[in-house]
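Thanks for asking me to look this one over.

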Amino acid sequence: AKKLLTDNGFKYNGTTLEDPTGKPVTFTVSDPSGWSDYQTDLAIIKDNLGTIGINATVDKANEDAWTKNVDTGSFDAVLHWTNGGATPYDEYENIMDGAIYKPEGTSGVSGNYGRFQSPAATSALQQYANASDDATRTAALNTLQDIMVQQMPMIPLMAANAGGEYSTKHWVGWPSASNPYGPAQPTQPNALDIVLHLTPAP
């Protein structure tokens, strides 16, 4: 990481990372104070950044204020989720789609929280969504993954589990290890599909 930074114009003053203008690199990472798992993650991120000379501050925000800041783009960095789905398109669309871009200061975002702008990414997303064959979809995804790696509109850190609990006392047919037809979490868009799989317990 240090070599990548110094190769791109950053430099070190002792152990402190400075940008090409000589200003120390600092920023704030923020998530609501009550989200203990996210706050643990932010503490780890802060410590890791410190090892490469970046002074990060953790903001344990009020949830309402944090939500408003994310909605208007008023943040340095936040730990936030993306869409999931059966293909990478679902995640890339949520991260890079210019069709849902809103300028910083404008509320009502439904994705692209980092305000990323790339006509090439938006075009590839449209190409994928309108494709009628696998070759076209593959070409679109190749473009999108290249943009993701080269321009890094966000930094993916982890995969989140979509857990669920159920009882077979009255109903059977739930997703299982032997029949994992969908996530069991009731907030997922396949909840109706699960209900339609259920039958009364014998």
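**Notes on the model**

1. Lys-3 and Asp-7 sit four residues apart in helix H1 (residues 2–7), so about one helical turn separates them. Their side chains meet in a salt bridge, with 2.7 Å from N to O. Both Lys-3 and Asp-7 are exposed. Please keep in mind throughout that this is a predicted model.

2. How many salt bridges does the count come to? The count is two. Is Asp-134 buried or exposed? Asp-134 is exposed, because its relative accessible area is 55%. Arg-137 has a relative accessible area of 24%, so Arg-137 is classed as partly exposed.

3. Next, the strands. Strand E3 (residues 26–32) pairs with strand E4 (residues 55–61) in the parallel sense, over seven bridges. To find the pairing on screen, you could look at Pro-32, whose bridge partner in E4 is Ala-61. Together with helix H2 (residues 36–50), E3 and E4 make a β-α-β unit, and this unit is right-handed.

4. E3 has a further partner to look at: strand E5 (residues 77–78) runs parallel to E3 and is joined to it by two bridges.

5. Which residues have the most contacts inside the largest nonpolar core? They are Tyr-92, Met-96, Ala-121 and Leu-144, in a core of 14 residues. Helix H4 (88–96), helix H5 (119–130) and H6 are the elements that give two or more residues to this core. Of these, H6 gives the most, with five residues.

6. Finally, the surface. Met-152, Ile-155, Leu-157 and Met-158 form a nonpolar patch there, and their accessible area together is about 440 Å². One of these residues, Ile-155, is found in the loop between helix H6 (134–151) and strand E6 (171–172). Why does Ile-155 count as exposed? Its relative accessibility is 57%, and the cut-off for exposed is over 50%.

Terms used: Residues are numbered from 1 along each chain as its sequence is written. This is a predicted model: local features need pLDDT of at least 70, side-chain atom pairs count only at pLDDT 80 or more; totals for chains, interfaces and linings use all residues. Side-chain values use heavy atoms; hydrogens and water are left out. Patches are made of residues with over 30% relative accessible area and no salt bridge: like charges are joined within 9 Å, nonpolar side chains (Val, Leu, Ile, Met, Phe, Trp, Tyr) within 5 Å. Accessible areas come from the Shrake-Rupley method with a 1.4 Å probe; for residues, only the protein chains shown count as cover. A salt bridge is a side-chain nitrogen of Lys or Arg within 4 Å of a carboxyl oxygen of Asp or Glu. Buried means under 20% relative accessible area, exposed over 50%, partly exposed in between (1.4 Å probe, protein chains only). Two strands pair if DSSP finds at least two bridges between them. A crossover is right-handed if, with the strands pointing away from the viewer, the path from the first strand over the helix to the second runs clockwise. A nonpolar core is a set of buried Ala, Val, Leu, Ile, Met, Phe, Trp, Tyr and Cys residues joined through side-chain atoms within 4.5 Å.
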